[in-house]
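Trainee: I would like to learn how to read a few features of a protein model, one after another. Could you take me through them slowly?

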Amino acid sequence: NIASKPTPISPTGIRLIKRNSISHLKEFKEGLFETQDEGSQLVSLLCGAKENETIIDLCAGAGGKSLAIADLLDNVKIIATDINLVRLSKLNERAKRLKVKDKIIIKKDYKKLNMKADRIICDVPCSGSGAWRRRPEEKLNLTKNKFKNLLDTQKAIIDYGASLLNIGGEIIYITCSILDSENKDQINHFMKNNSNFEIVDLRNSWDSITNSHKWFGKDQFCQLLPFIHECDGFFLARL
(Lines give C-alpha, C1' and ligand atoms only; values in the text may rest on other atoms or scores of the structure.)
Protein backbone atom coordinates (compact mmCIF):
# COMPACT_ATOMS: atom_id res chain seq x y z
CA ASN A 1 0.00 0.00 0.00
CA ILE A 2 2.87 2.40 -0.77
CA ALA A 3 2.33 4.43 -3.93
CA SER A 4 5.12 3.73 -6.42
CA LYS A 5 5.95 3.45 -10.11
CA PRO A 6 8.65 1.77 -12.25
CA THR A 7 11.90 3.70 -12.64
CA PRO A 8 11.89 5.50 -16.02
CA ILE A 9 15.24 4.12 -17.28
CA SER A 10 16.36 1.16 -15.17
CA PRO A 11 14.39 -2.05 -15.91
CA THR A 12 14.83 -3.33 -12.35
CA GLY A 13 13.79 -0.38 -10.19
CA ILE A 14 10.74 0.94 -8.36
CA ARG A 15 10.49 4.58 -7.35
CA LEU A 16 8.29 5.68 -4.45
CA ILE A 17 5.95 8.58 -5.17
CA LYS A 18 6.65 10.12 -1.75
CA ARG A 19 9.52 9.72 0.70
CA ASN A 20 8.76 6.80 2.98
CA SER A 21 10.54 4.73 5.62
CA ILE A 22 10.90 1.19 4.31
CA SER A 23 13.40 -0.53 6.65
CA HIS A 24 10.56 -1.70 8.94
CA LEU A 25 8.67 -3.48 6.14
CA LYS A 26 8.42 -7.26 6.24
CA GLU A 27 9.40 -7.42 2.55
CA PHE A 28 12.59 -5.44 3.23
CA LYS A 29 13.55 -7.67 6.18
CA GLU A 30 12.99 -10.74 3.99
CA GLY A 31 15.41 -9.40 1.38
CA LEU A 32 12.88 -8.90 -1.41
CA PHE A 33 14.34 -5.49 -2.30
CA GLU A 34 17.21 -3.10 -1.53
CA THR A 35 17.50 0.68 -1.75
CA GLN A 36 19.75 2.20 -4.40
CA ASP A 37 19.79 5.35 -6.51
CA GLU A 38 18.62 4.68 -10.07
CA GLY A 39 21.96 5.92 -11.40
CA SER A 40 23.84 3.41 -9.25
CA GLN A 41 21.44 0.72 -10.44
CA LEU A 42 22.10 1.63 -14.07
CA VAL A 43 25.88 1.48 -13.77
CA SER A 44 25.55 -1.90 -12.01
CA LEU A 45 23.60 -3.16 -15.03
CA LEU A 46 26.08 -1.59 -17.50
CA CYS A 47 29.13 -3.19 -15.83
CA GLY A 48 28.86 -6.09 -18.29
CA ALA A 49 29.21 -8.75 -15.59
CA LYS A 50 28.76 -12.30 -16.90
CA GLU A 51 28.02 -15.74 -15.48
CA ASN A 52 31.00 -17.70 -14.08
CA GLU A 53 33.22 -14.62 -13.77
CA THR A 54 35.44 -13.70 -10.86
CA ILE A 55 34.89 -10.01 -10.13
CA ILE A 56 36.81 -7.71 -7.80
CA ASP A 57 34.81 -4.77 -6.48
CA LEU A 58 37.82 -2.66 -5.56
CA CYS A 59 36.00 0.25 -3.87
CA ALA A 60 32.96 -1.66 -2.64
CA GLY A 61 31.91 0.71 0.13
CA ALA A 62 28.75 -0.72 1.70
CA GLY A 63 28.40 -3.04 -1.30
CA GLY A 64 25.48 -1.70 -3.34
CA LYS A 65 26.93 -2.66 -6.73
CA SER A 66 28.22 -6.03 -5.50
CA LEU A 67 24.76 -6.84 -4.18
CA ALA A 68 23.07 -5.77 -7.43
CA ILE A 69 25.42 -7.89 -9.56
CA ALA A 70 25.13 -10.89 -7.23
CA ASP A 71 21.35 -10.67 -7.56
CA LEU A 72 21.51 -10.54 -11.38
CA LEU A 73 23.78 -13.58 -11.88
CA ASP A 74 23.37 -17.20 -10.76
CA ASN A 75 27.05 -18.17 -10.84
CA VAL A 76 29.49 -15.41 -9.97
CA LYS A 77 32.30 -14.91 -7.45
CA ILE A 78 32.62 -11.34 -6.21
CA ILE A 79 35.60 -10.22 -4.12
CA ALA A 80 34.55 -7.06 -2.28
CA THR A 81 37.16 -4.83 -0.67
CA ASP A 82 37.63 -1.22 0.43
CA ILE A 83 40.07 0.81 2.50
CA ASN A 84 37.08 2.03 4.57
CA LEU A 85 36.41 -1.01 6.76
CA VAL A 86 33.51 0.66 8.57
CA ARG A 87 31.53 0.94 5.33
CA LEU A 88 32.65 -2.51 4.18
CA SER A 89 31.39 -4.09 7.42
CA LYS A 90 27.79 -3.29 6.40
CA LEU A 91 28.03 -5.53 3.34
CA ASN A 92 27.97 -8.85 5.20
CA GLU A 93 24.60 -8.20 6.85
CA ARG A 94 23.07 -6.84 3.64
CA ALA A 95 24.28 -9.86 1.64
CA LYS A 96 22.82 -12.22 4.25
CA ARG A 97 19.43 -10.48 4.18
CA LEU A 98 19.35 -10.54 0.36
CA LYS A 99 20.42 -14.22 0.30
CA VAL A 100 23.50 -13.64 -1.90
CA LYS A 101 26.13 -14.17 0.83
CA ASP A 102 27.54 -17.28 -0.90
CA LYS A 103 28.47 -15.20 -3.98
CA ILE A 104 30.40 -12.44 -2.15
CA ILE A 105 33.75 -12.78 -0.38
CA ILE A 106 34.84 -9.83 1.74
CA LYS A 107 38.59 -9.08 1.79
CA LYS A 108 39.70 -6.53 4.36
CA ASP A 109 43.32 -6.20 3.23
CA TYR A 110 42.79 -3.88 0.25
CA LYS A 111 46.48 -3.51 -0.60
CA LYS A 112 47.33 -7.23 -0.65
CA LEU A 113 44.90 -8.88 -3.06
CA ASN A 114 47.01 -11.78 -4.27
CA MET A 115 44.67 -12.82 -7.07
CA LYS A 116 43.54 -12.12 -10.62
CA ALA A 117 39.99 -11.48 -11.82
CA ASP A 118 37.98 -11.25 -15.05
CA ARG A 119 36.38 -7.91 -14.17
CA ILE A 120 37.65 -5.16 -11.87
CA ILE A 121 35.12 -2.58 -10.73
CA CYS A 122 36.77 0.70 -9.72
CA ASP A 123 34.03 2.90 -8.26
CA VAL A 124 36.61 5.48 -7.24
CA PRO A 125 36.45 8.24 -4.62
CA CYS A 126 35.43 11.46 -6.34
CA SER A 127 34.02 14.94 -5.87
CA GLY A 128 30.49 13.55 -5.61
CA SER A 129 29.34 16.33 -7.94
CA GLY A 130 26.69 14.00 -9.37
CA ALA A 131 24.93 14.10 -6.00
CA TRP A 132 25.41 17.80 -5.14
CA ARG A 133 21.73 18.31 -5.92
CA ARG A 134 21.04 16.31 -2.74
CA ARG A 135 24.12 17.30 -0.74
CA PRO A 136 25.09 20.84 -1.84
CA GLU A 137 27.27 21.37 1.23
CA GLU A 138 29.83 18.92 -0.19
CA LYS A 139 30.66 21.41 -2.95
CA LEU A 140 31.61 23.96 -0.27
CA ASN A 141 33.92 21.45 1.45
CA LEU A 142 35.90 20.62 -1.70
CA THR A 143 39.15 22.59 -1.88
CA LYS A 144 41.57 22.67 -4.83
CA ASN A 145 44.05 20.61 -2.85
CA LYS A 146 41.45 17.96 -1.93
CA PHE A 147 40.39 17.79 -5.56
CA LYS A 148 43.96 17.27 -6.78
CA ASN A 149 44.39 14.47 -4.23
CA LEU A 150 41.20 12.84 -5.52
CA LEU A 151 42.53 12.90 -9.09
CA ASP A 152 45.81 11.30 -7.95
CA THR A 153 43.87 8.63 -6.00
CA GLN A 154 41.72 7.84 -9.03
CA LYS A 155 44.81 7.30 -11.19
CA ALA A 156 46.35 5.04 -8.54
CA ILE A 157 43.20 2.92 -8.20
CA ILE A 158 42.76 2.28 -11.92
CA ASP A 159 46.45 1.34 -12.19
CA TYR A 160 46.06 -1.06 -9.24
CA GLY A 161 42.97 -2.53 -10.87
CA ALA A 162 44.88 -3.12 -14.11
CA SER A 163 47.52 -5.08 -12.20
CA LEU A 164 44.84 -7.50 -10.93
CA LEU A 165 43.19 -8.16 -14.30
CA ASN A 166 43.27 -11.40 -16.28
CA ILE A 167 44.23 -11.12 -19.94
CA GLY A 168 41.03 -10.44 -21.87
CA GLY A 169 39.30 -9.06 -18.79
CA GLU A 170 37.74 -5.64 -18.25
CA ILE A 171 38.21 -2.67 -15.95
CA ILE A 172 35.01 -0.83 -15.06
CA TYR A 173 35.74 2.77 -14.06
CA ILE A 174 32.90 4.54 -12.23
CA THR A 175 32.46 7.91 -10.54
CA CYS A 176 29.43 9.73 -9.15
CA SER A 177 30.76 12.86 -10.84
CA ILE A 178 29.79 15.01 -13.81
CA LEU A 179 33.26 16.61 -14.18
CA ASP A 180 35.39 15.69 -17.22
CA SER A 181 38.61 15.90 -15.20
CA GLU A 182 37.45 12.94 -13.07
CA ASN A 183 35.85 11.09 -15.94
CA LYS A 184 36.90 10.99 -19.57
CA ASP A 185 40.14 12.87 -18.88
CA GLN A 186 41.17 10.08 -16.49
CA ILE A 187 40.28 7.41 -19.06
CA ASN A 188 42.20 9.19 -21.80
CA HIS A 189 45.23 9.50 -19.49
CA PHE A 190 45.10 5.77 -18.69
CA MET A 191 44.69 4.78 -22.32
CA LYS A 192 47.67 6.92 -23.33
CA ASN A 193 49.85 4.90 -20.94
CA ASN A 194 48.27 1.46 -21.50
CA SER A 195 48.16 0.65 -25.19
CA ASN A 196 47.07 -2.96 -24.51
CA PHE A 197 43.59 -1.72 -23.48
CA GLU A 198 40.72 -0.55 -25.67
CA ILE A 199 37.48 1.25 -24.84
CA VAL A 200 34.21 -0.69 -25.00
CA ASP A 201 31.43 1.28 -26.70
CA LEU A 202 28.59 1.35 -24.17
CA ARG A 203 25.90 2.67 -26.51
CA ASN A 204 24.86 -0.84 -27.60
CA SER A 205 24.62 -1.96 -23.97
CA TRP A 206 22.55 1.11 -23.15
CA ASP A 207 20.08 0.38 -25.96
CA SER A 208 19.66 -3.30 -25.06
CA ILE A 209 19.41 -2.79 -21.28
CA THR A 210 17.43 0.41 -20.86
CA ASN A 211 15.29 0.89 -24.00
CA SER A 212 15.76 4.61 -23.34
CA HIS A 213 16.58 7.33 -25.88
CA LYS A 214 18.32 9.48 -23.27
CA TRP A 215 21.92 8.55 -24.16
CA PHE A 216 24.03 11.66 -23.57
CA GLY A 217 26.91 12.76 -25.78
CA LYS A 218 28.89 11.20 -28.64
CA ASP A 219 31.50 9.35 -26.58
CA GLN A 220 31.68 5.61 -25.90
CA PHE A 221 31.37 6.29 -22.16
CA CYS A 222 28.11 6.48 -20.23
CA GLN A 223 27.46 9.84 -18.54
CA LEU A 224 24.31 10.13 -16.46
CA LEU A 225 23.16 13.66 -15.67
CA PRO A 226 20.50 14.66 -13.10
CA PHE A 227 18.78 17.16 -15.41
CA ILE A 228 18.47 14.58 -18.23
CA HIS A 229 18.14 11.21 -16.50
CA GLU A 230 16.45 12.32 -13.23
CA CYS A 231 18.91 10.40 -11.06
CA ASP A 232 22.33 11.10 -9.55
CA GLY A 233 25.11 11.96 -11.98
CA PHE A 234 27.32 8.95 -12.75
CA PHE A 235 30.09 8.16 -15.22
CA LEU A 236 31.02 4.68 -16.41
CA ALA A 237 33.71 3.45 -18.81
CA ARG A 238 34.60 -0.15 -19.67
CA LEU A 239 38.17 -0.92 -20.74
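Trainee: Is α2 mostly covered or mostly open, and how many of its residues are buried?

Mentor: Let me first say that this is a predicted model, in which local features need pLDDT of at least 70, side-chain atom pairs count only at pLDDT 80 or more, and totals for chains, interfaces and linings use all residues. Residues are numbered from 1 along each chain as its sequence is written, and side-chain values use heavy atoms, with hydrogens and water left out. A residue is called buried under 20% relative accessible area, exposed over 50%, and partly exposed in between, using a 1.4 Å probe and protein chains only. Helix α2 is mostly covered, since 9 of its 9 residues are buried; among them are Glu 38, Gly 39 and Gln 41. Helices (H or I, at least four residues) and strands (E, at least two) are DSSP runs, numbered from the N terminus.

Trainee: What covers the buried residues of α2?

Mentor: The cover includes strands β2 (14-16), β7, β8 (222-224) and β9, together with helices α3 and α8, where contact means heavy atoms within 4.5 Å.

Trainee: How do α2 and α3 cross, and at what angle?

Mentor: Two packed helices are described by the angle between their axes and the distance between the axes. Axes are lines fitted to C-alpha atoms, for helices over the stretch in contact, and angles run from 0 to 180 degrees between N-to-C directions. Here the axes of α2 (residues 38-46) and α3 (residues 64-72) come within 9 Å and cross at roughly 50°, which makes α2 oblique to α3. Angles under 35 degrees count as roughly parallel, over 145 as roughly antiparallel, 65 to 115 as roughly perpendicular, and the rest as oblique. The contact joins Ser 40, Val 43, Ser 44 and Leu 45 of α2 to Lys 65, Ala 68, Ile 69 and Leu 72 of α3, and these residues divide into 5 nonpolar, 2 polar and 1 charged. In that count, Ala, Val, Leu, Ile, Met, Phe, Trp, Tyr, Cys and Pro are nonpolar, Asp, Glu, Lys and Arg are charged, and the others, Gly among them, are polar.

Trainee: At what angle do the axes of α2 and α8 cross, and which residues meet there?

Mentor: The axes of α2 and α8 (residues 203-210) come within 10 Å and cross at roughly 115°, and the two helices are therefore roughly perpendicular to each other. Leu 42, Leu 45 and Leu 46 in α2 meet Ser 205, Trp 206, Ile 209 and Thr 210 in α8, a contact with 5 nonpolar, 2 polar and no charged residues.

Trainee: How many aromatic pairs does a search of the whole structure find?

Mentor: A pair of aromatic rings is described by the distance of the centres and the angle of the planes. Rings of Phe, Tyr and Trp (its six-membered ring) pair if their centres lie within 6.5 Å, and planes under 30 degrees apart count as stacked, over 60 as edge-to-face and the rest as tilted. The search finds 6 aromatic pairs. Tyr 173 and Phe 235 form one that is edge-to-face, 6.3 Å centre to centre with 75° between the planes. Tyr 173 lies in β7 (residues 165-175) and Phe 235 in β9 (residues 234-238), so the pair ties together parts that are 62 residues apart in sequence.

Trainee: Is Asn 114 buried or exposed?

Mentor: Asn 114, in the loop between β5 (104-107) and β6 (117-123), counts as exposed because its relative accessibility is 78%.
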